[in-house]
Amino acid sequence: MNDVDTARYPLADPGSDAWERVVSRTRAELRDHGCSVLPEFIRPSSWETLRREGAELAPRAYYDVEETNVYNTHVDDDLPADHPGRIIMQRGNAFVPRDRIPTGSVIHRLYRDPSFVRFVAACFELPALHELADPLSGLVLNVVRPGMDHPWHFDINEFTVSLLTQASEEGGVFEYCPNIRSADAENFDAVRSVLTGADRSPVRAQTLRPGDLQLFRGRYALHRVSAVHGATDRHTAIFAYSERPGVMGSVTRTRQLFGRVLPTHRDAERDAVRVDQLLD
């Protein structure tokens with residue numbers, strides 16, 4: 001990958017002193033803070049290409065403004081009155097799905113690059129990672145227009161990697177609550193406290209710049225992008241990986257995010273590969 005600053009991030013040289021230093025630092029930050037940012041992962045000479053490709057892709061996004069909850073599920077009348085799933089938010093961000101992202105683009109080539117995937121797995125202290133089997137949500141471009149935000153949510157995949165391709169003029173801050181839940185515990189009280197603003201102590205903030213690579217545990221970290229202001233969209237490529245092969249998005253959530261589902265989603269629903277039994 002000529003677009004990566006391989007002097008700082010030697011993807012093709014695993015085990016070297018430089019590679020080990022970066023991986024060790026990233027692991028420590030993930031353990032301590034649940035998030036790690038690798039600044040200028042994409043070299044400055046490629047930033048304009050990255051921005052231009054994102055701008056060309058943005059009109060292909062599925063745009064919709066709808067009411068949702070933190071789990072991106074329908075509100076169930078059987079939920080207790082104080083359940084965080086009853087708190088309704090407005091989602092106005094949009095996604096370009098993987099099947100509309102050219103295979104020759106910087107983000108598509110990076111997502112599939114074996115040395116990159118190996119590096120990301122090492123950072124997460126895993127022997128290997130797998131691309132999501134989902135043909136729509138494995139790789140997406142997230143578009144947040146001025147006046148919109150990406151409300152609090154959890155990811156369907158355990159390990160999330162994102163790359164800012166275009167920054168907004170104002171706002172658009174990434175906020176997250178590391179490990180607010182686990183595979184075995186939803187921790188509804190803590191989630192509700194963040195959503196209502198009763199307790200902001202778990203919330204951390206990260207301002208990203210174009211070319212910065214971010215790693216975090218999106219399945220278990222409640223997170224959002226604050227409202228974007230000014231005249232410029234915020235664009236972020238999201239690379240989704242899983243420790244297990246075969247992970248697909250649900251029919252309901254896929255339709256919410258992309259306005260459509262494919263036969264593969266319906267087929268997978270009957271024998272879904274899930275990493276846990278969390279709400280979503």
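1. The protein has 7 helices and 15 strands; helices (H or I, at least four residues) and strands (E, at least two) are DSSP runs, numbered from the N terminus. Its radius of gyration is 18 Å, close to the 19 Å from the globule rule for 280 residues, so the protein is as compact as a globular protein of that length. That radius is taken over C-alpha atoms, and the rule is 2.2 Å times the number of residues to the power 0.38.

2. This is a predicted model, in which local features need pLDDT of at least 70 and side-chain atom pairs count only at pLDDT 80 or more, while totals for chains, interfaces and linings use all residues. Residues are numbered from 1 along each chain as its sequence is written, and side-chain values use heavy atoms, with hydrogens and water left out.

3. Of the 280 residues, 52% count as buried, where buried means under 20% relative accessible area, exposed over 50%, and partly exposed in between (1.4 Å probe, protein chains only). Among contacts (heavy atoms within 4.5 Å) between residues at least 6 apart in sequence, 85% join residues at least 24 apart.

4. Strand E12 (residues 213-216) has Leu213 and Leu215 pointing one way and Gln214 and Phe216 the other, and all are buried. Two strands pair if DSSP finds at least two bridges between them. E12 pairs with strand E1 (residues 35-38) in the antiparallel sense over 4 bridges, with Ser36 opposite Leu215. Strand E8 (residues 159-166) also runs antiparallel to E12, joined by 4 bridges; Leu163 has Leu213 as its bridge partner.

5. How many of the 10 residues of helix H4 (residues 114-123) are buried? The count is 8, so H4 is largely enclosed by the rest of the structure. Among them are Phe116, Val117, Phe119 and Val120. The buried residues of H4 pack against helix H1 (17-33), E1, H3, E8, E12 and strand E15 (234-242). After H4 comes Glu125, with a positive phi near 60°.

6. Arg98 sits in the loop between strand E4 (94-96) and helix H3 (106-112). Is Arg98 buried or exposed? Arg98 counts as buried because its relative accessibility is 14%. Leaving aside residues up to four places away in sequence, Arg98 touches His108, Tyr111, Arg112, Glu131, Leu132, Pro135, Leu136 and Leu139.
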